[in-house]
Amino acid sequence: MNAGRAILHVDMDAFFASVEQLDDPELKGRPVLVGGTGRRGVVAAASYEAREFGCRSAQPTAVALRLCPHAVVVKPRGSRYRELSDRVFGILGDFSPLVQPISVDEAFVDVTGSSSLFGPAVEIAKSIRARIKAETGLTASVGVAPNKFLAKLASDLDKPDGLTVIEPDKVHEKLDPLPVSRLWGVGPAAEKSLARLGLRTIGDIRGTPDETLVARFGEFGRHLARLARGEDDRPVHTDREAKSISHEQTFGVDLEDPDAVRSVLLGQCEDVGRRLRKHGRLARTVTVKIRFGDFQTITRSDSFGEATDATEAIWEAARALFDGWAQGGSGGGFRPVRLIGAGVSHLTEPGAGRQMGLFEAERDEKRARVDDLTDAITAKHGKGAIRRAGSWREKGGKGMWGPGS
Amino acid sequence: MKVLCDRGALLDAINLVSGVVASRTPRPQLTCVKLTAQKDGQAGRLTLEATDAEISMTLRSERVDVEEPGAALVPADKLQQIVRAEENEPTLTIESEDDLTHIRGADAHFQLRGFPASEFPEVPGFDTLAKGMSTFTIRAGSLVELVRRTLFAAARENSRYAINGVLVKRDGKKLEFVATDGRRLALCRDSLAEDGAAVTCIVPSKALVTLSKLVDDPDEAVAVGVTDNRIVFGFSPEDGGGRALLASNLVEGSFPPYEDVIPKGHDIKVGFDRDVLASAVRRAALLTNEESRGVRLMFSSGDKKLELSSRVPEMGEARIDVDLMSMDGGDLEIGFNPGFITDALRVIDDPQVLLELKAPNKPGLLRSGNDFVYVVMPVNLQ
């Protein structure tokens, strides 16, 4: 790998399931499902042995058990996963300060500046894999490429326990034969629309003029064209110390209907909650940001007694803040809104010990079930596949890309 | 108005009323204390009044010589600072005319600008306040005990329930105080001398903190009156006008269904020495932090032992062994926020405590006698 960047995508193999197999040798070589056992339980991770029977994460446990009746179902042990995850991230941090966690078991590492110390990117990838294996007993698949998109794609090409390198001069050779669904952001819906244009492989897209794609898909088309050429200049963000998570949206026309603003806010709370859970964090504070046509901006915050990652709790707090403003109160009374945003801050990691509530036990369990289910569906089918009734968003994949769509 | 005051008694009274003076208010009159001097034959009396619009307090001091009856409205913080600073003076003279008040010691003369006394809101007396109220009388010592054993469990943050106060429930001769922050709950009972109509209300925490400070002699009688939106406490009500009067708005909203969460019937009953348990929990709590708050309690019934352990990743861990006085039921491992246990042990006077448990995800119950119940939800240790 010569000039340009060297990015690694490190992806732990069937992380939760592998940890369970590691800690309980009796599970080794057997199909293992980590997830809820109840009637509405969802699979959080399936071991490779279980995947051979068609079991996948995000499947209802009952379905997975029908596919593989002899699978062992294990309840997730969050603190143990976090402990091993911390160790893995510690190893990554030894090779570069630029580590971007995607979730507990997945990260980008920018090793462009590390080669003078540790040798070429491929050697770093080998060392990382060896150290993870030696220090945790787990395996990771690593992709090495000039950017994040290609690195992630590479790590996925040879799983589990694989190492795949996409050299800058072999990008087209690797990409062209792959199906369009491998492109970041192409879900089942986009795949269908592309197929209608006869575009089935990444090579098909690369062979299509940018203008055609832009005319058909707008900004998303430009994004597709770039990815199909293997271009992606997103930097590796080290948001490990993320202090807050927020979503905001600017409207083309100021929204004059409080209910319309409320539904956007609900959608944002869902996104914020999902990202919190994905990063395994809890939040103590919720903030709502409102901007008006004259660019005056106000924010309102409230804190929880107990840190939470429940979408419903975030939404209840955000709605109360919004309604408090909209219905008068301090400096309040509704007026047309140009921008609305929901955010959480004072993030903490769930340590060993979540305080249970006296009056909320049932409600908390229900909330957690709803969140698990929507997260699983979102992970599988993409954002917007499932939302709370009442949240409003543009349909289709476009919403993910357009700036402030 | 002109009055000669015993400085110590005046300072005590000002310190008490200052607690309910409004700090930030669009009405500067509410940042003042109203002083009223009355003369009844030879006996003089100085009344101090303050309110922050939520709570109002009236205090009476007899340790004064009233030369000229009248009233004054004086900024509370300055008045307090002056009376406190005049530490070498046994007495101070307060004289006021319209909105100007003079405070004189042997070598000092302060002039404080306030407001005409007529601009202060009327604070009615107990009889006016309690008219048409459901009332009962209780010993001051019993009242402060009910507060001490419940208030600590009240919520400090907002919640969808009205729990940033204490539920006061009177039913016949039974009186019950209940407080919860949604994670633990404290309930304390007492019995009244007289029967009376049932009444339930939620009293703001601040009013109860202030109330406790007003208690001086535990045997003093306190009359308690409750209306739809207000509670009134009258100290020594028989004694013509009363020594002190505290009135507070009530917390609006509904208290959670607390009776449903007090567990009935437990499988495991553990007997402790209160101080041994408190010490063990405090020590185990040293190896907890904001993220790893739980202390793990492992009860083994066979050898009647309890092992407490705690752990903070990257910091370290602790283990404390405790001998149990008694234990019925099987082994159990359960996690608790250590502060929630020590809080309760602090208000239990009985040196022997009974802890009742059911399962790692079910509440624990601490009892002391028949009048104190404490329910605490565990921490999920995974």
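This is a predicted model: local features need pLDDT of at least 70, side-chain atom pairs count only at pLDDT 80 or more; totals for chains, interfaces and linings use all residues.
Figure 1. Of the 405 residues in chain A, 47% are buried. Take the contacts in chain A with a separation of 6 or more, and 65% of them link residues 24 or more positions apart.

**Figure 2. Helix H12 of chain A and what sits over it.** H12(A) covers residues 219-228 and is mostly covered itself, with 7 of its 10 residues buried. Those are A:Phe220, A:Gly221, A:His223, A:Leu224, A:Ala225, A:Leu227 and A:Ala228. What does the covering? Other helices of chain A have a hand in it, including H7 (148-157), H8 (171-175), H9 (188-196), H10 (202-206) and H11 (210-217). After H12(A) comes A:Gly230, which has a positive phi, near 80°.

**Figure 3. Where chain A meets chain B.** Here 20 residues from chain A come up against 29 residues from chain B. Together the two chains bury about 2,200 Å², and 52% of that is on carbon and sulfur atoms. Keep an eye on A:Met356, A:Leu358 and A:Phe359: this trio supplies 35% of the area that chain A buries against chain B, more than any other three residues. As for salt bridges across the interface, the rule finds 0. Polar contacts do turn up, with 3 residue pairs counted between chain A and chain B, both partners at pLDDT 80 or more.

**Figure 4. The chain A side of the contact, piece by piece.** Three elements of chain A each bring at least two residues to the side that touches chain B: helix H4 (78-95), strand E11 (297-308) and strand E13 (354-355). The largest share, 3 residues, comes from H4(A). Sorted by class, this side of chain A has 5 nonpolar, 8 polar and 7 charged residues.

**Figure 5. Strand pairing from one chain to the other.** E13(A) lines up with strand E27 of chain B (residues 379-380), and the two pair in the antiparallel sense over 2 bridges. Look for A:Arg354, which stands opposite B:Asn380 in E27(B).

**Figure 6. Strand E2 of chain B and its two partners.** E2(B), residues 32-40, runs antiparallel to strand E6 of chain B (residues 70-75), and 6 bridges join them. E2(B) also pairs with strand E3 of chain B (residues 43-51), again in the antiparallel sense, over 7 bridges. B:Lys34 is a handy landmark for both pairings: its bridge partner in E6(B) is B:Leu73, and its bridge partner in E3(B) is B:Glu49. The hairpin of E2(B) and E3(B) has 2 residues between the strands, and B:Gly41 takes a positive phi there, near 70°.

Figure 7. B:Ser248 belongs to strand E17 of chain B, residues 244-249. Is B:Ser248 buried or exposed? With a relative accessible area of 1%, B:Ser248 falls below the 20% cut-off, so it counts as buried. Leaving out residues up to four places away in sequence, B:Ser248 touches B:Glu54, B:Ile55, B:Pro204, B:Ala207, B:Asn229, B:Arg230 and B:Ile231.

Definitions and conventions
Residues are numbered from 1 along each chain as its sequence is written. Chains are lettered from A and ligands numbered from 1 in the order in which they are written. Side-chain values use heavy atoms; hydrogens and water are left out. Contact means heavy atoms within 4.5 Å. Buried area is the accessible area (1.4 Å probe) that two parts lose on being put together, summed over both. A salt bridge is a side-chain nitrogen of Lys or Arg within 4 Å of a carboxyl oxygen of Asp or Glu. A polar contact is a pair of N or O atoms within 3.5 Å; within protein, one must be able to donate a hydrogen and the other to accept it, and residues adjacent in sequence count only if both atoms are side-chain atoms. Helices (H or I, at least four residues) and strands (E, at least two) are DSSP runs, numbered from the N terminus. Ala, Val, Leu, Ile, Met, Phe, Trp, Tyr, Cys and Pro count as nonpolar, Asp, Glu, Lys and Arg as charged, and the others, Gly among them, as polar. Two strands pair if DSSP finds at least two bridges between them. Buried means under 20% relative accessible area, exposed over 50%, partly exposed in between (1.4 Å probe, protein chains only).
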